[in-house]
Amino acid sequence: MNTIDKLPPLSSVIAKHDLKAQKSLGQNFLLDLNLTAKIARQAGKLTECDVLEIGPGPGGLTRGLLAEGARKVTVIEKDSRCIGALKEIREVYPNRLKIIEGDALKIDLTAHLTAPTRVVANLPYNVGTELLVRWLTPRQWPPYWDSLTLMFQREVAERIVAKPGARAYGRLAILAQWRCNPRIAMYLPPDAFTPVPKVSSALVHLDALEHPRFEAEQKTLEKIVATAFNQRRKMLRSSLKDCCFDIKSTLEKSGIQSTKRAEEISLEQFCTLAREIKGQE
Ligand code: SAM
């Protein structure tokens with residue numbers, strides 16, 4: 001039973017607006033409103049925040065966010081078929097829901113938000129990682145958002161929180177952990193979604209840190225991390241040989257054995273190496 005608001009169940013909304021899920025838009029909907037309210041609660045206290053939601057679809061998570069008291073929710077949806085259903089939610093929550101029809105990868109999201117802002121989304125898997133990388137690599141830090149609460153395929157979620165030595169450890173772990181506190185907030189089985197996807201999912205919550213955990217210049221860090229993990233089985237003295245004049249001595253000066261591989265190097269060591277390489281320019 002729907003206990004969070006007086007709107008019709010999502011199955012009726014989908015039938016009324018003929019929202020047959022489209023694979024090309026990554027549409028796997030959450031229809032259990034108690035679950036969407038629980039997901040909204042993982043984002044923390046929302047009453048004094050603007051929330052940005054990408055891909056509201058028929059509005060299950062949107063309703064969870066509004067029922068949990070979000071000051072204002074701005075949604076960006078690419079599928080024009082969903083807009084009618086979202087307008088019906090707006091009528092029940094006057095002045096608290098802003099609906100934007102468009103592609104989240106093309107719209108300047110900041111223009112529609114008032115700080116503090118939290119991002120909450122059951123992302124379309126095909127654009128999820130790209131949006132996350134954009135949120136983690138803005139020109140200025142701290143970013144416009146205070147936290148991100150995002151659904152990913154379980155495998156991607158595990159890459160975000162992975163530690164050195166783990167198979168999932170790589171570029172995404174470094175980018176996320178350098179300037180955020182990421183944690184897996186919830187695991188969801190495939191049958192939490194309609195239609196049921198092939199893979200399990202996990203909700204990741206990332207709090208933005210005021211300052212990066214370790215000092216480093218963003219572009220240099222991004223470059224060495226991407227280069228090192230592109231050839232993750234190679235020793236660093238080989239994978240990073242084109243990153244500076246003498247990689248062997250640069251690694252030694254950074255306190256890193258040149259025979260180590262990327263997956264053995266901690267975030268702090270990557271930051272030390274980035275400072276050493278930047279210092280040589
Ligand atoms: N939030 C809804 C829920 O939890 O039931 C729907 C989630 S579904 C996984 C992803 C949603 O993102 C779909 O409604 C899809 O149309 C929308 N979408 C896909 N690509 C998009 C893009 N580039 N910009 C905005 N929305 C997008």
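## Domains and pockets of a predicted model

Across the interface of domain 1 and domain 2, the rule finds zero salt bridges. The structure described here is a predicted model.

The domain assignment places domain 1 at residues 10-208 and domain 2 at residues 218-279. Their centres, taken over C-alpha atoms, are separated by 34 Å. Each side brings 14 residues to the contact. The size of an interface is often given as the accessible area lost when the parts come together. Here the two domains bury about 1100 Å² between them, and 67% of this area lies on carbon and sulfur atoms. On the side of domain 1, the residues that lose the most area to domain 2 are Tyr169, Ile174 and Trp178, which together account for 51% of what that side buries.

| Pocket | Volume | Lining by class |
|---|---|---|
| Largest | about 470 Å³ | 16 nonpolar, eleven polar, four charged residues |

The largest pocket is lined by 31 residues, and the closest to its centre are Leu25, Gly55, Glu77, Asn122 and Pro124. Several elements each supply at least two residues of this lining, namely strand 1 (29-30), strand 2 (50-54), helix 3 (60-67), strand 3 (72-77) and helix 5 (125-136). The largest share, four residues, comes from helix 5.

Which element gives the largest share of the lining of the second largest pocket? That share, three residues, comes from helix 5. In total, 16 residues line the second largest pocket, and Leu109, Thr110, Arg134, Trp135 and Tyr144 lie nearest its centre.

How values were computed. Residues numbered from 1 in each chain as written. Predicted model: local features only at pLDDT ≥ 70, side-chain atom pairs only at ≥ 80, totals over all residues. Heavy atoms only, no water. 1 Å grid on protein atoms, 1.4 Å probe; cavity = no way out; pocket = protein on both sides within 12 Å on 5 of 7 lines; lining within 4 Å. Points joined across faces, edges and corners; volume = space filled by probe spheres on them. Nonpolar A, V, L, I, M, F, W, Y, C, P; charged D, E, K, R; others polar. Domains from an automatic or database assignment. Contact = heavy atoms within 4.5 Å. Buried area = accessible area lost by both parts, 1.4 Å probe. Salt bridge = Lys/Arg side-chain N within 4 Å of Asp/Glu carboxyl O.
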